[in-house]
Structure formats: C-alpha cells, structure tokens
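Here is a briefing on a protein model. Keep the sequence and the 3D view open as you read.

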Amino acid sequence: MSPVDRCLSLAALGLLCVVLVAIGRGQAHWAQAPWLVWAHLLTIVCALALTVVQLWRPKGGATHRAIGLTWVMLMFATALITLFIVGADDGGYSILHGLSVWVMIQVPMIAIAARKRQIERHQRAARAMVVGSLLIAGFFTFPFHRLLGTWLFG
C-alpha cells in the first residue's frame, strides 16, 4: 500500500469513527432528523467504510472492482440526496450543493477511467474524491451548528 493510500484510509477511518460517535451521542434527537438526512448519513457511513477497505486491499482484482462500483454508486447516491436537503444554513442551497454536482460528474469519470485501464487517472480522481468529498466536506459537517456537530458536541 502506498503511503498516500495509508494516510487517506486512516483519515477516512478516523472520520468514520467520529461520525459514528456523533450519531450515537445524538440518539435523543434522532426523531427530529428528516429521512433524507438519514439516507445521506447511511450512504456516507457506507462510503467511508468502503474507502478504508478499498485503500487497504490489493488493487485491480474482481473484489476491488465490486467494492469500487458499490463505492461509486454510494457516492453518487449521497450527492443526489443532498440536492434535496436544503435549508440547513439559510433556507437554500450552499456551497456543499455545488460539491454534490461535482461528485455526480466525477464519480462516473472515476469508473470510466478504471474501465479504460487509465490507472493513474483513476487513482488521482478517486483520491481527490476521498480528500474533497469525504474528508474535507466531512470535516465541515461538525462546525457551524450543523447536525453532526450539534450531536457530537451537544
């Protein structure tokens, strides 16, 4: 495993743990979260878990392709779901919704690059997706009175 993959997988694992702790701590408020938020959390938790697994496993085999296809579908689904979650900040769309559109464009390109055996392009795009759409965007779910931050920090 490359040092980059090791670092990304550990960061994804750390974020996954923090998200799960936040969800657990927010148990008293679960009923207040709309079903779209729960769908979003489910797809993100699964994508984070698969990110860790995918980065630790050998690349290129049938299992890698199956996990990758599932990951791409989860990332697309979570981006699509977020387009219907509005009003968290000011009653409208935010910059994170722009990120969702970017994800919905990029994830098919990640799969296409792999299918065309453009391995370096595939790896760069997948790593960029992990950094930008999971880790950085995931970090911003905790400050600014967002749901997970409220649940985590009370």
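**Core, rings and pockets**

Leaving aside residues up to four places away in sequence, Leu148 touches Val19, Ala22, Ile23, Leu41, Thr141 and Phe142. A contact here means heavy atoms within 4.5 Å. The model is predicted: local features need pLDDT of at least 70, side-chain atom pairs count only at pLDDT 80 or more, and totals for chains, interfaces and linings use all residues. Residues are numbered from 1 along each chain as its sequence is written, and side-chain values use heavy atoms, with hydrogens and water left out.

**The nonpolar core**

- The largest nonpolar core has 34 residues, and Trp71, Met75 and Leu148 touch the most other members.
- Such a core is a set of buried Ala, Val, Leu, Ile, Met, Phe, Trp, Tyr and Cys residues joined through side-chain atoms within 4.5 Å.
- Buried means under 20% relative accessible area, exposed means over 50%, and partly exposed lies in between (1.4 Å probe, protein chains only).
- Helices α1, α2, α3, α4, α5 and α6 each supply at least two residues of this core.
- The most come from α2, with eight residues.
- Helices (H or I, at least four residues) and strands (E, at least two) are DSSP runs, numbered from the N terminus.

**Ile44**

- Ile44 lies in helix α2.
- Ile44 counts as buried because its relative accessibility is 16%.
- Ile44 touches Thr78 and Leu134, with residues up to four places away in sequence not counted.
- The C-alpha atoms of Ile44 and Ala126 are separated by 15 Å, and these residues are 82 apart along the chain.

**Aromatic pairs**

- The structure holds three aromatic pairs.
- Rings of Phe, Tyr and Trp (its six-membered ring) pair if their centres lie within 6.5 Å; planes under 30 degrees apart count as stacked, over 60 as edge-to-face and the rest as tilted.
- How far apart are the ring centres of Trp38 and Trp151? They are 5.8 Å apart with planes at 35°, so the pair is tilted.
- Trp38 lies in helix α2 and Trp151 in helix α6, so this pair ties together parts that are 113 residues apart in sequence.
- Trp38 is partly exposed, at 27% relative accessible area, whereas Trp151 is buried, at 4%.
- Phe139 and Phe140 form an edge-to-face pair, 5.1 Å centre to centre with 80° between the planes.
- Phe139 is exposed, at 51% relative accessible area, and Phe140 is partly exposed, at 35%.
- One aromatic cluster is formed by Trp30, Trp38 and Trp151.

**The largest pocket**

- The largest pocket holds about 840 Å³ of space.
- On a 1 Å grid over the protein atoms alone, a pocket is an open set of points where a 1.4 Å probe fits, with protein on both sides within 12 Å along at least five of seven lines; lining residues have an atom within 4 Å of a point.
- This pocket is lined by 37 residues, and the closest to its centre are His40, Thr82, Leu96, Thr141 and Arg146.
- Helix α2 gives the most to this lining, with six residues.
- By class, the lining has 22 nonpolar, 13 polar and two charged residues.
- Ala, Val, Leu, Ile, Met, Phe, Trp, Tyr, Cys and Pro count as nonpolar, Asp, Glu, Lys and Arg as charged, and the others, Gly among them, as polar.

**The second largest pocket**

- The second largest pocket has a volume of about 680 Å³.
- Of its 25 lining residues, Gln54, His64, Gly68, Ala114 and His122 are the closest to its centre.
- The largest share of this lining, seven residues, comes from α3.

How values were computed:
Grid points are joined across faces, edges and corners, and a volume is the space filled by probe spheres set on the points.
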